[in-house]
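I opened my notebook to get to know a structure that was new to me.

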Amino acid sequence: MINDSIFNVPGGPSSSGGPGNSGNSGFSGQSGQPGQSGTSGQPGQSHHPGSSGYPGTSGFSGRRQPVVRHYSDGVTSALRKPVVYTELRFYQRSDVLYQLTCEFCSRYFPKYGDRTVDQMVQAARSTKQNIAEGSSDGQTSAETELKLLGIARGSNKELLEDYLDYLKRHHLAEWHGSNPRFEQLHDFCRHHSVYADYSLLLPRMNDEELANMAVCLCHQVDSALTKYIEKKDREFTTEGGIRERMTAARLEQRGSQKELISQQRKEIENLRAEVAHLKDKLRQVGIE
């Protein structure tokens with residue numbers, strides 16, 4: 001359950017619906033001065049444990065054999081373990097960014113005649129769509145996965161620049177890290193990564209607050225994506241791609257088949273010895 005009190009939200013929707021209106025309808029405290037640089041979620045800044053949505057990057061040393069998976073009947077698989085991208089927190093935040101961007105553009109840009117709207121919406125959509133496609137394609141192609149995740153990161157950077165440009169053009173503040181409003185905003189974004197947590201707040205926020213929320217989310221998505229791409233790159237360089245996985249799976253399957261054939265030969269030899277033993281007994285009693 002979200003505690004709205006930390007935002008000091010008025011009882012009704014904000015009256016700051018027009019572009020450039022930076023009334024304090026959302027977060028408490030004083031805003032930073034226009035032109036002040038923000039530091040929300042820059043790469044390298046510490047984050048709440050688990051906020052990136054994936055296990056921490058572990059150290060790798062040297063070449064590793066690919067981890068071969070098996071089907072329920074024991075047959076080896078060359079496919080990598082599938083990634084459930086909807087459970088990645090940076091994907092969830094990218095979805096929040098898309099919804100927020102659609103709301104922001106419909107509220108503060110003209111419906112027609114401004115290409116910025118299409119560019120911002122497409123950049124937000126490209127971020128989340130390429131995370132989804134890259135994670136799905138990564139089961140068979142590490143190269144495709146890394147390429148699409150890189151495109152997602154680039155689209156997120158483009159979206160970030162659009163929000164920063166809006167703040168500059170309208171003489172609004174990019175909230176500074178020491179600003180109490182920024183601290184509340186950053187803390188909220190760290191602990192909430194699904195759109196349902198934001199949907200009730202967005203209608204009550206003005207353009208400065210919405211833009212700064214988007215900037216904060218963009219930085220968090222970028223930081224998490226950068227670490228995730230590095231993790232996937234390390235996996236590829238140490239374990240190889242689909243060719244190496246296919247080779248490893250085939251060799252293990254071939255080894256399993258050889259072991260099975262060896263076991264069957266031993267069983268046949270044991271059965272032959274048992275048959276010979278029984279025939280010998282039968283001859284002894286004069287039945288044969």
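Below are my entries, from the overall layout down to single residues.

**Ground rules.** I am working with a predicted model, where local features need pLDDT of at least 70, side-chain atom pairs count only at pLDDT 80 or more, and totals for chains, interfaces and linings use all residues. I number residues from 1 along each chain as its sequence is written, and side-chain values use heavy atoms, with hydrogens and water left out.

**Layout.** I looked up the elements and found six helices and two strands. Helices (H or I, at least four residues) and strands (E, at least two) are DSSP runs, numbered from the N terminus. From the N terminus on, I read the order as β-β-α-α-α-α-α-α.

I then checked burial: of the 288 residues in the protein, 40% are buried. Buried means under 20% relative accessible area, exposed over 50%, and partly exposed in between (1.4 Å probe, protein chains only). Contacts came next, meaning heavy atoms within 4.5 Å. Among contacts with a separation of 6 or more, 80% are between residues 24 or more positions apart.

**Helices α2 and α3.** How do the axes of α2 and α3 cross? Helix α2 (residues 115–137) and helix α3 (residues 142–169) have axes that come within 8 Å and cross at roughly 160 degrees. That makes α2 roughly antiparallel to α3. My axes are lines fitted to C-alpha atoms, for helices over the stretch in contact, with angles from 0 to 180 degrees between N-to-C directions. Angles under 35 degrees count as roughly parallel, over 145 as roughly antiparallel, 65 to 115 as roughly perpendicular and the rest as oblique.

I noted residues on both sides of this contact, including Met120, Ala123 and Ile131 in α2 and Leu148, Ile151 and Leu159 in α3. The contact residues divide into ten nonpolar, nine polar and five charged. For these classes, Ala, Val, Leu, Ile, Met, Phe, Trp, Tyr, Cys and Pro are nonpolar, Asp, Glu, Lys and Arg are charged, and the others, Gly among them, are polar.

**Helices α4 and α5.** I found the axes of α4 and α5 10 Å apart, at an angle of about 50 degrees. The two helices are therefore oblique to each other. Among the residues that meet here are Leu185 and Phe188 in α4, and Met213 and Leu217 in α5. By class, I list six nonpolar, three polar and four charged residues in this contact.

**Aromatic rings.** I looked up ring pairs and found nine. Rings of Phe, Tyr and Trp (its six-membered ring) pair if their centres lie within 6.5 Å; planes under 30 degrees apart count as stacked, over 60 as edge-to-face and the rest as tilted. Tyr108 and Tyr166 are a tilted pair, 6.5 Å centre to centre with 50 degrees between the planes. Tyr108 sits in helix α1 (residues 89–108) and Tyr166 in helix α3, 58 residues apart. Tyr108 is buried at 4% relative accessibility, and Tyr166 is buried at 0%.

Phe188 and Tyr198 have ring centres 5.1 Å apart and planes at 80 degrees, so this pair is edge-to-face. Phe188 lies in helix α4 (residues 180–191) and Tyr198 in the loop between α4 and α5 (207–239). Both are buried. I also noted a cluster in which ring pairs link Phe104, Tyr108, Phe109, Tyr163 and Tyr166.

**Last entry: His171.** Is His171 buried or exposed? I found His171 exposed, with a relative accessible area of 63%. His171 is in the loop between α3 and α4, and its phi is near 55 degrees, a positive value in a residue other than glycine.
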